[in-house]
Amino acid sequence: MAEPFIRIENLTKRFSISAGKRIRKTGFTAVNNVSLNIERGEVFGLVGESGCGKSTLSLLVLRLLEANGGAVYHGDTNILELPRRKMRRIRRDMQIVFQDPYDSLDPRFTLERIMNEPLQIHRWGTGAEREARIDELFAAVSLDKQQLKRYPHQLSGGQRQRLCIARSLALSPGFLVCDEAVSALDVSIQAQILNLLLDLKDEFGLTYLFISHNLAVVKFVSDRIGVMYFGKIVELADTDELFDNVLHPYTAALLSAVPDPDPFSEKKRDILPSGVPSLIDPPGGCAFHPRCKYAGERCARESPELRDAGRGHLVACHRLEC
Amino acid sequence: MEAILKNKFFVIGGGIVLIISLLVLFAPLLTSYDYGAVDLPNKQLPPGAEHIMGTDLYGRDVWCRIIYGGRVSLTVALGSTAVALVVGTMLGALSGYVRGTLDFVLDRVNDVLMAFPMLLFSLVIGVVLGSSMKNMFLSIGIPIIPMFYRIARATAMSVGGRSYVLAARAMGGGRMRVILRHIIPNVLPHTLVILSSAIGGAILAEASLGFLGFGIPQPTPSWGLIANDGKTYMFSHPWTTAFAGAFIALTILGFNLLGDGLRDWLDPKIRTAAKR
Amino acid sequence: MSRLLLAVPAMLGVFVVVFFVIRMLPGDSAEAMLGASATDAQIETYRAAHGLDKPAPVQFWIALKNLFRGDLGDSLSHYRPVLSVVLERLPSTIELAAYGIVLGSVFAVILGVVAASFRGRWPDLIITAYSTFGMSLPTFYIGLWILMVFAVKLDVIPVSASAVEGLPRWKTLFGPVLTIVVGGSLVRTTRSAILEILEEDFIRTARAKGVPKALILFRHALGNALIPIITMVGYGLAVSFGGAIVLETVFGRSGVGKLLIDAITVRDYPLVQGTTFVIALFMIVANLLTDVAAGFADPRIRVAGAGEL
Amino acid sequence: MSDGQRLLEIKDLRISFSVGEDTVRAVNGVSLTLDRGEALGVVGESGCGKSVTFSSVMGLLPSPPAVIEGEIVFDGRDVTKLSDRQMRRVRGKDIAMIFQEPMRSLNPVMRIGNQIVEALLLHGAVSRGQVWTRALELLKLVEVPDAPSRLHCYPHQLSGGLRQRIMIAMALASQPRILLADEPTTALDVTIQAQILELLKRVQRETGMSIVIITHDLGVVADIVDNVAVFYAGVIVEKADKYSLFRSPMHPYTIGLLNCIPTLQTKRKRLYVIEGNIPDPARLPIGCAFSPRCAYATERCLTEKPETRECAPGHFCACHLAGQIDPLNP
């Protein structure tokens, strides 16, 4: 196996909040010791419910948020320790597409200025070369060149997301993080953007970290999938392996909870009780044990480590060992 | 742009401000009197053909002093608000986006500034620096800074969290670039909305200072001073103060309406964007 | 709690500002006090007596220590400790500000609610027009006209409060309080606060439940509008303190505002410094109380949330 | 399943708003019926008029700026003609509604108990005395754990799922005959969504009330409803029982929708795609609104708006080519 394209080791992020009257700072761990590798040219899917830390992880990987511990290797350099100037160079190779198409474009910029910004920051090419580059990118995401003079609020949600993708590809990065990139779009537009992302991956040989709460979307897009719960990866495997041979009880519950658009399916509903525990006072041991029907005495005491259960199928659950 | 012309607040407010500015600007054409010329025999004449707004206790033509006085009051008001706008917006945007110790310090300074009622602050600074035109910019400008600072800081904080700022940083944009390209252009519209009500506040401050006798020294007539001239004989010869006060009120009303018009025109854009 | 701690640096900041600003005065307070005829020797002894010959930071340190002992120095024109002079005059200003704020707020909130509930219809237009116009009138202008009408024409209230002794209290208060109420800007805040809340989703839920219009306005909208209104009342207190300076001059009430004006006119700098400091202190306390009150009205602050992060 | 007794009938409903110079035609001739005990799924993408239609059923659209034509008949009366006072006796009593954002749908400064009690007292469902016991029963009905303590909480102390349960409890306060649920689970996580869907199914079974689920998620609809109506550009393009709609859809838009959504069973590496953008209600094409995006659009589709026809028993479709399109491989 070649050197992994992105290697994440024990990445941790704690947030502190001064809760109301109490001066004493309480805090919580949003990302708790996460390790995973992303191979070049792969789509690594990261799925989990809101509050599980997947978006925080994406900001940490791009160092838009400073981590409290761990490392992120891009090739063989740990970008968390890079000085500012070198970091700026590395950023050309790692870009991000956000969820809300209305929030990720500066309302005061024309489309042309939006596309030019990355090129200006890195002083890329001359005026003519930049114009050509923008035309090429607009063609790649099938946006109409005449719209360059218009403002973001004059575009539809789908068009705006295409613009975000075009902007992120301006410096031909190798690695693209999609943080819920299609979640805010209507279903018919979502399909267009998903196909577009896959086409661009093949055309430019990109590597994706695709983050979403929608299991079906992640399954469709990803080659390998990590399931996150309460700041930790609880299960990680190749897509087919994961869905054919689910091991972790939480992933199983997630799978059964996804509403299946087929009235004939008699899918038995394995309904999880209550909700995600509060991050401020986390349950001891495995964070899922309060909701897990297999929870044993050990689960409440000791938090399980990710272990290989064969064929690269990693899972963090005591049930499999005993 | 044409939408704003349909906004009635904007039109009425703009109209008032325009008319008064023209009057003040073309004062020499509108009156032949000399605002400083004392003419005791004709003191305190009621408004009449000769003196459309009567004369004050030194026999000076009130109408003439008012339109000349407008120059002082308006320049002071516009000057001091401009100072406050620039300082307040810059510091607010910086402190709202950068946060950390800079924000803590600036916020405390703002708390201190807010501890002084506007008029009190102008009074004390005016007395200390002396009330020349230049000093008035500071003594009225400084207490207005918190108005701009607070709005700029609040907006900068929310803009700082928006994805397009994160995207700019992800592209390698430095902190200064983000502030100049993204933070300030998105904070400015919010501060501009309160600019005209701030000008109204500045005119009020200058007039109150003048009324209390701490305005710009004689004989340059500012509206406040004219009001002060007339105050002692207010009950027998009210027109000096009445007309001066009316002009002050009308100008402030004009700027306030202008501000309302701007806010309505700008708000739907901001609110819908935020609500989406 | 944290707001309370933040008030301390603010008070210190105020003291520093006041101390150094007064120190920047042109000329020397000793000369100003003893008059031009005083000989150099007299000025020297005076300066030594009041520690004016020491370097500024030392003077500052002495002043600070005195501050904690409640000693704001001696008033040059009243030959008494500044603090006692100021405390003597404070109640009259507080009385004025209190009545002004209470009546002003009640009057303004009622008008604001009426304007919001009749949005777009004639009551709203009249109230909005009145409040826009009221806000633009300078305080002294309203005051003068009230004097013209009530004192001169109707002779209901005295032309100057301090001129005539033994008047019923309301007579001396009527003019200034009416001025604050007429000029109140709180009407617009209440109206816009309510209108904004009426757009919220939980108002739609209340309508879906079949809650009548009036109840929606008073139970749901007003309950939530309380928070911005309280903040605005706090701010109004600050404005009315500033206004007191003008009001007390126009209506001749001997409050802290007038004291300040007189102190400035006679160049009694210690008194100016003391009065400014006390007013500023009062303002910080007012801002603090407003924050606490607003926090109290908003359960999201009062009751720590355990809900979703 | 419904017992055929008609509860609600919407006849050729048209709703438009004037925004600046444009007139936004949100609803362009919607007709549908709802029987007692029926569970109707209303599906469509944003701006298709599904929420506006049912908001007008509840009388929540203030007439200026909304212009409402057509009829909504409930209990023999045309609801659109009722005064607000008369409508208020229907809202919350006979027809209740819950919304998408549990975070913002509860009054943040009012305790949960008081908000439920308010709903109970409004329509005289319960006397003052047992109002609190009834509130507790409602919370138990919607499976809120340790209900008594929850009554004193404020909304910000509860999770999204719990808040949605409170909304349902409030809606059931006066045993309504119809429950309108506008995207009830869209803002919730998939595991919480499963809980709420199960709850809605159970509540409907136990109370026998009819329920309308408005959503963009076909999966939610397939699980919980009997019939499905598909909305596009303010019109119902197809309506049928869920089995025939999913197995043999007729309208190209429905077919497109069913094929472009990734499911856990999707094997293909590329999704079927409906080209073009979501229709802009302010600038609708003259002919069939779907024609710009339709792969089968003919000359007639571009100029003539299709009528809704019953192409199969209980299966309505508004398309000139209804029945001639193979649903399996579009």
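**View 1. B:Leu30 in helix α3 of chain B, in a predicted model**. With a relative accessibility of 41%, B:Leu30 counts as partly exposed, because that class covers values between the 20% limit for buried and the 50% limit for exposed residues. The residue has its place in helix α3 of chain B, and it is one of the members of a nonpolar surface patch that is the topic of the next view.

**View 2. A nonpolar patch on the surface of chain B**. The patch is formed by B:Leu18, B:Leu22, B:Leu25, B:Phe26, B:Leu29 and B:Leu30, which together have about 620 Å² of accessible area.

**View 3. The open, eight-stranded sheet of chain D**. Its strands follow the order β6-β7-β8-β3-β9-β10-β12-β11, and their pairing is mixed. At the edges stand β6 (95–98) and β11 (309–312) of chain D, each of which has a single partner strand, so that one side of each is left without a neighbour in the sheet. On average, and with direction ignored, neighbouring strands of this sheet are turned by 20° against each other.

**View 4. The pairing of β11(D) with β12(D)**. Strand β12 of chain D, residues 315–317, pairs with β11(D) in the antiparallel sense over three bridges; here D:Glu310 stands opposite D:Phe316, a residue of β12(D).

**View 5. Helix α1 of chain D across the strands**. Helix α1, residues 50–57, lies across β3 (39–43), β6, β7 (178–182), β8 (210–215) and β9 (227–232) of chain D, and runs at about 145° to β8(D).

Methods:
Residues numbered from 1 in each chain as written. Chains lettered and ligands numbered in written order. Predicted model: local features only at pLDDT ≥ 70, side-chain atom pairs only at ≥ 80, totals over all residues. Heavy atoms only, no water. Patch = residues over 30% accessible without salt bridge, like charges linked within 9 Å, V, L, I, M, F, W, Y side chains within 5 Å. Areas by Shrake-Rupley, 256 points an atom, 1.4 Å probe, with all protein chains shown as cover. Salt bridge = Lys/Arg side-chain N within 4 Å of Asp/Glu carboxyl O. Helix = DSSP H or I, 4+ residues; strand = E, 2+ residues; numbered from the N terminus. Buried < 20%, exposed > 50% of the residue type's maximum accessible area, 1.4 Å probe, protein only. Pairing = 2+ DSSP bridges. Axes fitted to C-alpha atoms, helices over the stretch in contact; angles between N-to-C directions. Contact = heavy atoms within 4.5 Å.
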